[in-house]
Amino acid sequence: MTQPVFTDRLDYIRQLFVAETPLMQQVRQAAAAENQDNISLHPEEGQLLSLLARLIGAEKIIEIGTFYGYAALWLASGLPPTGQLWTLEKDPVRAARARMFLQNENQITLVEGDAHASLARLEPHGPFDLIFIDADKLNYGTYLDWAEQHVRPGGLIIGDNTFLFDAVWKDEPIARVRETARHTMRAFNQRLADPTRYKSIMLPTAEGLTIAQKLF
Ligand SMILES: C[S@@+](CC[C@H](N)C(=O)[O-])C[C@H]1O[C@@H](n2cnc3c(N)ncnc32)[C@H](O)[C@@H]1O
């Protein structure tokens, strides 16, 4: 029997632990081919979100920032058959693209429009088990305010891109990051790092992934 060949650690992890569905593969490839800056999650991060959703028995999930729907597919893969996921996207072109990919996914509802208005409309469906924040960085604080009110005790609040291109921990200004965004992201991580309110960790993924279980 020939041994599989691995190119690096990530390749090893992906080959052993990450089984994308054909649709996930299609969405990831389309997102990469059609956008210079592919901003989808990485496959192993998707598998992690799916595992976390499953571990807490999530039935209701919100994702802020759909893009093409890659992370939505992963999150939904951690739901039981009765579970639901709402994914929020304000850009009409991206929403249309995602809607096309997600059209047969009956556990996923795509909500088009600015996330603040969408979240307000979704409140009657709460409380939610998991919220995944992956959209406009300047609003991470207000999304966290909302999550603190509408995620159940024991539920998860997860934020992506929380290194903010390393601006959260570096002293010097980072060319592509506004100071207001740096303050917002630092405050976001600081709040979730409070052990009296959260059991939490930040993972050193390429972009930074903050994972917090709400204790109140
Ligand atoms: C990083 S991408 C999301 C990637 C997606 N979670 C994934 O991993 O497949 C961020 C998305 O958030 C959307 N977005 C930014 N600000 C938003 C807002 N205020 N309301 C809703 N969506 C927003 C952007 O248009 C973009 O498509």
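The ligand sits in the largest pocket of the protein, where sitting in a pocket requires that more than half of the molecule's atoms lie within 2 Å of the pocket's grid points. The model is predicted, and local features therefore need pLDDT of at least 70 and side-chain atom pairs pLDDT 80 or more, whereas totals for chains, interfaces and linings use all residues. Residues are numbered from 1 along each chain as its sequence is written, and side-chain values use heavy atoms, with hydrogens and water left out.

The shell around the ligand holds 21 residues, of which Glu 63, Gly 65, Glu 89, Ala 115 and Asp 134 come nearest; a residue is counted as near if one of its heavy atoms lies within 4 Å. By class, nine residues of this shell are nonpolar, four polar and eight charged. Helix H4 (70-76) and strand E2 (84-89) each supply at least two of the shell residues, helices (H or I, at least four residues) and strands (E, at least two) being DSSP runs numbered from the N terminus.

An oxygen atom of the ligand lies 2.6 Å from a side-chain N or O atom of Glu 89. A polar backbone atom of Ala 71 is 3.1 Å from a ligand oxygen, and a polar backbone atom of Lys 90 is 3.1 Å from a ligand nitrogen. Taken alone, the ligand exposes 610 Å², of which the protein buries 93% (Shrake-Rupley method, 1.4 Å probe).

Pockets were located on a 1 Å grid over the protein atoms alone, as open sets of points where a 1.4 Å probe fits, with protein on both sides within 12 Å along at least five of seven lines; lining residues have an atom within 4 Å of a point. The largest pocket contains about 690 Å³ of space, the volume being that filled by probe spheres set on the points. Its lining comprises 33 residues, with Ile 39, Arg 94, Asp 134, Ala 135 and Lys 137 nearest the centre. Strand E1 (60-64), H4 and E2 are the elements that give two or more residues to this lining. The lining of the largest pocket divides into 11 nonpolar, eight polar and 14 charged residues.

The second largest pocket holds about 290 Å³. Helix H1 (9-17) and helix H3 (43-55) each give two or more residues to its lining, and H3 provides the largest share, four residues. Six residues of this lining are nonpolar, three polar and two charged.

Two backbone features lie in loops. Most residues other than glycine have a negative phi, and most peptide bonds are trans. Gly 126 and Pro 127 are joined by a cis peptide bond with omega about -5°, and Pro 127 lies in the loop between helix H6 (115-122) and strand E4 (128-133). Asn 161, although not a glycine, has a positive phi of about 65°; Asn 161 is found in the loop between strand E5 (151-160) and helix H8 (179-192).

Notes
A polar contact is a pair of N or O atoms within 3.5 Å; within protein, one must be able to donate a hydrogen and the other to accept it, and residues adjacent in sequence count only if both atoms are side-chain atoms. Ala, Val, Leu, Ile, Met, Phe, Trp, Tyr, Cys and Pro count as nonpolar, Asp, Glu, Lys and Arg as charged, and the others, Gly among them, as polar.
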